[in-house]
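Take the model below in two steps.

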Amino acid sequence: MRTPLSLAFLLPLTLFPALAQTPGAPPVTSLGDLKVVSSVAVTEGGDLIFVGTDARVHRTDTRGTERWNFGVGDLGRAHPVITPQGTVIAASYDDSVYALDPTGKLLWKTKLDGDLFASPALRPDGSVIVATAGGTVYALSPQGQVVWSFKVGSPVFSSPAVAADGTIYFGGQNNSLHALTPNGQLKWTFRAGSTVFSSPALDAQGNVYFGSGDRRIYSVAPDGRVRWVRPTGLFVNASPIVTGGGLVVVGSYDGNVYAVRTSGEDAWVYPTGAPVAASAAELSDGTLVVGDLQGTVHAIGPNGQGLWKIATGKKIDTPVAVSDQGTLYFSGEGGALNAIEKQRPLADGPWTSFRNVPTGWGRVLTAGEAATRTAAKRAAATAVLAGTPPRGATPLPVPPRPAGPAPVTPAPPPALTPEQYAQAAGRSARTLDGQVYLPLRELTGALGTPIRLLTPRTATLTLPAGNGVQAALSGVPVPVRYVDRAPFVPLAALAELPGVTLAARRAAGVSVTLAGRTVTLPLNVPALTPLRGQPEYPALIRRGG
């Protein structure tokens, strides 16, 4: 059995071209054409494990130098699992699960009833939960024996997630989210409006989050009751994460990354400009990193602001892998692997990456495991930041960056001065339904008013004190309209903001004064909104007459 998911990676392999990076983006190192097709698992020591287009499981060091490889019956896209003992669990499209010891020697192989697209989940007792395209979920013992099986009745591409109480959650092509007991009995099903490719994520209270082809993000309580539903513009195949700050973050094919509070309120919406099929990852400074199907890696700040972008030109539909040492790894169509060094490790949170830990366990950690993970990340990242970067890898050519202030972590340096922001806003202004609209991000950059919250309809701004306003105002809403996935705000809305005064000058444009600061927007309002003559009696004028 095959689906179109597997066809995109049967194309000729090519290396990434020179990458296009925005100012402030970190340098990228090419590890070469490693034929990566699956998600990448990272050991505690930093080694990389993945399945290649050559139908082999590969283990490399941090620089991409191969330690060993093992041939399986077909390629596979599932995230490998690395057990605490160092055993590698890999799934393949040949209907089989493989267990390899740390040196790459086969320990066992178990053949099941269908292709394995979904990533396995490792339970605390060492058993593995595996779902197949044949429509069955299995529990395999640490020795690879079938402990139990559950017939779903439709293919499963959603990777199972295991809760703290042992409940197993997964989505199916029967439009449903399923919950099984630890011994494989059905607890409940929750019906969505379409198929569920998305893999569930869990919060600290055991609530479940997933997306569906019905253009919605769902939150479901541990007992199967719906908590909230968030509509999107297109289907949601990506898998959510839950950040340390309590945000559910997931991308959609509508070209947006959505951040929704676990209680159901919108936090922000970040436009990528391309469909998003990969899961995001949250770093320990709150930065979110995600790739899109046009091949761009986006770094997004905790409040939804864009930090930097790296454009590869190669479709990215697997998550960015994050090592405890703070190295980010990403690959795209073609199989080349790239690294960004000296970043942050994963954040501490309930579910901060696709399988929750770099080793791909796919379950909620115990309190002891979480404490151990935190200590290991801190020690590994500290050692790397205090040392020198690894040698032996070839830097990719990067376009020269414009002169400007040095990057500041975690917030990026401003790419433009207030005057440059104002010029950009003036150039990008447009008329919609008779009103002049300005690009929101350029406008707030010129005025120095941070965007606290961005939703599909409104932006919530923080305004400084001044012009009669005694203290800074946090939470001032303005209407927003999206054009080509970018947010725009009506010029008329500026006049309604507390402490803002507008002055129109025929030659210079429109001046905006806020908290004693004046920014001039070079707007030619008459040109943007020209007067057009209309017939005095249009109903009486005949066409061609």
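About 50 Å³ of space lies in the second largest cavity. A cavity here is a set of points on a 1 Å grid over the protein atoms alone where a 1.4 Å probe fits but cannot get out; lining residues have an atom within 4 Å of a point. Grid points are joined across faces, edges and corners, and the volume is the space filled by probe spheres set on the points. The model is predicted: local features need pLDDT of at least 70, side-chain atom pairs count only at pLDDT 80 or more, and totals for chains, interfaces and linings use all residues. Residues are numbered from 1 along each chain as its sequence is written, and side-chain values use heavy atoms, with hydrogens and water left out.

Which residues line the second largest cavity? They are L440, L443, T444, L447, T449, L461, L463, V478, V489, L494 and L497. Of this lining, 9 residues are nonpolar, 2 polar and none charged. Nonpolar covers Ala, Val, Leu, Ile, Met, Phe, Trp, Tyr, Cys and Pro; charged covers Asp, Glu, Lys and Arg; the others, Gly among them, are polar. Helix α3 (440-447) and strand β38 (458-463) each give at least two lining residues. The largest share, 4 residues, is from α3. Helices (H or I, at least four residues) and strands (E, at least two) are DSSP runs numbered from the N terminus.

The whole structure holds 4 cavities of 30 Å³ or more.

Two strands pair if DSSP finds at least two bridges between them.

Follow β13 (residues 136-140), which pairs with β12 (residues 128-131) over 4 bridges. V130 has Y138 as its bridge partner, and A131 stands opposite V137. The β12-β13 hairpin has 4 residues between its strands, and G135 in the turn has a positive phi of about 90°. On to β14: 5 bridges join this strand to β13. Here Y138 stands opposite S149. This hairpin has 5 residues between the strands, and G144 takes a positive phi near 90°.

Is β13 covered or open? In β13, 5 of 5 residues are buried, meaning under 20% relative accessible area with a 1.4 Å probe, protein chains only. T136, Y138 and L140 point one way, V137 and A139 the other.

Notes:
On a 1 Å grid over the protein atoms alone, a cavity is a set of points where a 1.4 Å probe fits but cannot get out, and a pocket is an open set with protein on both sides within 12 Å along at least five of seven lines; lining residues have an atom within 4 Å of a point. Buried means under 20% relative accessible area, exposed over 50%, partly exposed in between (1.4 Å probe, protein chains only).
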